[in-house]
Amino acid sequence: MPPDIYAQPVLNLARALIGCTLLHDGVGGVIVETEAYHAGDPASHSFAGETTRNGKMWGPPGRAYVYRIYGIHWCLNVVGGAEAGAAVLLRALEPTQGLDRMRERRGVTDPRRLCSGPGKLAQALGVSGAQDGLPLDLPPFALLPRAAAAMLATGKRIGITKGADEPWRFGLAGSPFLSRRFPDP
DNA sequence: CCGCTGATAATCT
DNA sequence: GATTATCAGCGGA
């Protein structure tokens with residue numbers, strides 16, 4: 001990705017990532033769903049300031065912020081935004097490469113169930129806390145620009161209680177690989 | 001198709 | 001001690 005992509009306001013970054021391709025060890029696909037979080041946002045881990053867990057959110061942009069949620073799942077974010085303490089949660093991919101590895105890790109075969117949610121995505125790509133802070137433009141990761149313009153859908157973020165009405169979830173309209181459909185306009 | 005529930009542990013108060 | 005940016009499985013319609 002061009003480095004200046006990461007330096008724009010985090011809402012724009014969240015939109016710009018739709019349609020880009022993310023790979024980890026050659027396994028991954030096209031980003032079809034994202035959510036934006038930033039330090040002025042009560043739903044964000046960065047809202048209460050810098051802590052041990054969220055430290056990468058204040059680090060260099062274009063890197064991974066990986067955290068564990070509900071003691072079970074991992075979630076992968078792209079650190080970025082013109083503002084400090086911002087990140088984009090990657091919620092769903094359209095699997096295109098390494099389908100067999102994803103099926104092994106996930107224990108399902110339906111491609112729509114491999115990466116259709118933040119926890120599933122991290123599991124399918126083999127991402128865990130070990131990758132926290134790694135640059136997404138360098139091995140073992142790769143983040144590639146999209147080939148064509150994406151038809152964007154916008155909606156409220158999922159699974160949060162604070163800031164729940166903010167329309168900071170973005171997706172590829174009509175994609176069958178979303179964690180949830182966007183409401184019809 | 002939809003909604004509910006248990007699992008499970010780091011993080012923060 | 002409460003909360004949590006989740007998921008799979010289950011039961012019902």
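User: Which residues surround DNA strand B?

Analyst: This is a predicted model. A residue counts here if one of its heavy atoms lies within 4 Å of the strand. Those around DNA strand B are Thr51, Arg53, Tyr70, Gly71 and Ile72.

User: What share of the atoms of DNA strand B that come within 4 Å of the protein belongs to sugar and phosphate?

Analyst: The count takes the atoms of DNA strand B within 4 Å of the protein. Sugar and phosphate account for 53%.

User: How do the residues near DNA strand B divide into nonpolar, polar and charged?

Analyst: Gly counts as polar and Arg as charged. The surface near DNA strand B has two nonpolar residues, two polar and one charged.

User: Which residue has a backbone N or O atom 2.5 Å from a base oxygen of DNA strand B?

Analyst: Thr51 uses its side chain: an N or O atom there is 2.4 Å from a phosphate oxygen of DNA strand B. The backbone atom 2.5 Å from a base oxygen belongs to Tyr70.

User: Is His24 buried or exposed?

Analyst: His24 sits in strand E1, residues 21–24. Its contacts beyond four places in sequence include Leu125, Val127 and Phe141. Buried means under 20% relative accessible area. His24 has 4%, so it is buried.

User: How many residues has the largest nonpolar core?

Analyst: Leu17, Leu22, Ile31, Leu125 and Leu143 have the most contacts inside this core. Leu17 touches Ile31 and Leu143, among others. A second, separate core of nine residues includes Met57 and Tyr65. The residue count of the largest core is 42.

Key. Residues are numbered from 1 along each chain as its sequence is written. Chains are lettered from A and ligands numbered from 1 in the order in which they are written. This is a predicted model: local features need pLDDT of at least 70, side-chain atom pairs count only at pLDDT 80 or more; totals for chains, interfaces and linings use all residues. Side-chain values use heavy atoms; hydrogens and water are left out. Helices (H or I, at least four residues) and strands (E, at least two) are DSSP runs, numbered from the N terminus. Buried means under 20% relative accessible area, exposed over 50%, partly exposed in between (1.4 Å probe, protein chains only). Contact means heavy atoms within 4.5 Å. A nonpolar core is a set of buried Ala, Val, Leu, Ile, Met, Phe, Trp, Tyr and Cys residues joined through side-chain atoms within 4.5 Å. A polar contact is a pair of N or O atoms within 3.5 Å; within protein, one must be able to donate a hydrogen and the other to accept it, and residues adjacent in sequence count only if both atoms are side-chain atoms.
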